[in-house]
Amino acid sequence: MRIVKMIAMQFLLITVGMLLGIGLMNVLLRDYNDLPWFFPFEILAVALSTALASLVYLSKNELSKKGMMIRQIIHFILLLVIVYSFGYLFKWWSELSGILIVGAIFLGIYAIVFIVTYRMERKDSFKINEALKKLPKDEE
């Protein structure tokens, strides 16, 4: 259930982040071209795909710091591949500046989702540790 909650939260954050980022990009570039009718579905497809990429963190065993760092790098690269593949497929850019802007939006959203997810995981860990402290100690 925890993983479903995390994916749903990331999906919502990514969706909102992409919409805000694209809106800001259009305002800054003064590019008010009409978006295609399927554009909202593009956003939802990218948000769901990138949220599901978090499954790379699932493990039956507790991960070491090195193992976690390796998964973090794999996750980041996987997200870049997903975002730029969708960007290419849906023609989100026509110039190098568009590629760079998509990258900047990606980094902003990645940072926000990473921070929010980290804080949620930390809060859950704190609650678990507090509950463990309250359990009666077994007497030997």
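Predicted model: local features only at pLDDT ≥ 70, side-chain atom pairs only at ≥ 80, totals over all residues.
Colleague: Why is the F38 and F90 pair called tilted?

Modeller: The ring centres of F38 and F90 are 6.3 Å apart and the planes meet at 40°, and since ring centres have to lie within 6.5 Å, with planes under 30 degrees counted as stacked and over 60 as edge-to-face, the pair qualifies and is tilted. It is a link between distant parts of the chain, because F38 sits in the loop between helix 1 (2-29) and helix 2 while F90 sits in the loop between helix 3 (65-89) and helix 4, 52 residues apart.

Colleague: What makes the pair of F86 and F90 stacked?

Modeller: For F86 and F90 the distance is 5.8 Å centre to centre and the angle between the planes is 15°, and because planes under 30 degrees apart count as stacked, that is the name the pair receives. F86 has 17% relative accessibility, so this residue counts as buried, the limit being under 20%. Together with F38 and W92, residues F86 and F90 form one aromatic cluster, and the structure holds eight aromatic pairs.

Colleague: How do you know that L44 can belong to a nonpolar surface patch?

Modeller: The patch, of about 470 Å², is made by W37, F38, F41 and L44. Membership calls for over 30% relative accessible area, and L44, with 37%, is partly exposed and so passes that limit; L44 is found in helix 2 (residues 39-52).

Colleague: What makes the contact between K133 and E130 a salt bridge?

Modeller: The side chains of K133 and E130 meet at 3.6 Å, N to O, and because the criterion is a side-chain nitrogen of Lys or Arg within 4 Å of a carboxyl oxygen of Asp or Glu, the contact is a salt bridge. Side chains of opposite charge can pair when their charged atoms come close. Both K133 and E130 lie in helix 4, three residues apart, which is about one turn of the helix, and the structure holds one salt bridge.

Colleague: What is noted about the phi of K91, and why is K91 called exposed?

Modeller: K91 has a positive phi of about 55° although it is not a glycine, and this residue lies in the loop between helix 3 and helix 4. Its relative accessible area is 68%, so with the cut-off at over 50%, K91 is exposed.

Colleague: Why are T117 and M25 called buried?

Modeller: T117 has 13% relative accessibility and M25 has a relative accessible area of 17%; because buried means under 20%, the label holds for T117 and for M25. T117 is found in helix 4 (residues 96-134) and, leaving aside neighbours within four places in sequence, is in contact with M6, M9 and Q10. M25 has its place in helix 1 and touches I101 and I105, not counting residues up to four places away in sequence. The C-alpha atoms of M25 and G98 are separated by 9.4 Å, although these residues are 73 residues apart along the chain.

How values were computed
Residues numbered from 1 in each chain as written. Heavy atoms only, no water. Patch = residues over 30% accessible without salt bridge, like charges linked within 9 Å, V, L, I, M, F, W, Y side chains within 5 Å. Areas by Shrake-Rupley, 256 points an atom, 1.4 Å probe, with all protein chains shown as cover. Helix = DSSP H or I, 4+ residues; strand = E, 2+ residues; numbered from the N terminus. Buried < 20%, exposed > 50% of the residue type's maximum accessible area, 1.4 Å probe, protein only. Contact = heavy atoms within 4.5 Å. Phe/Tyr/Trp six-rings, centres within 6.5 Å; stacked < 30°, edge-to-face > 60°.
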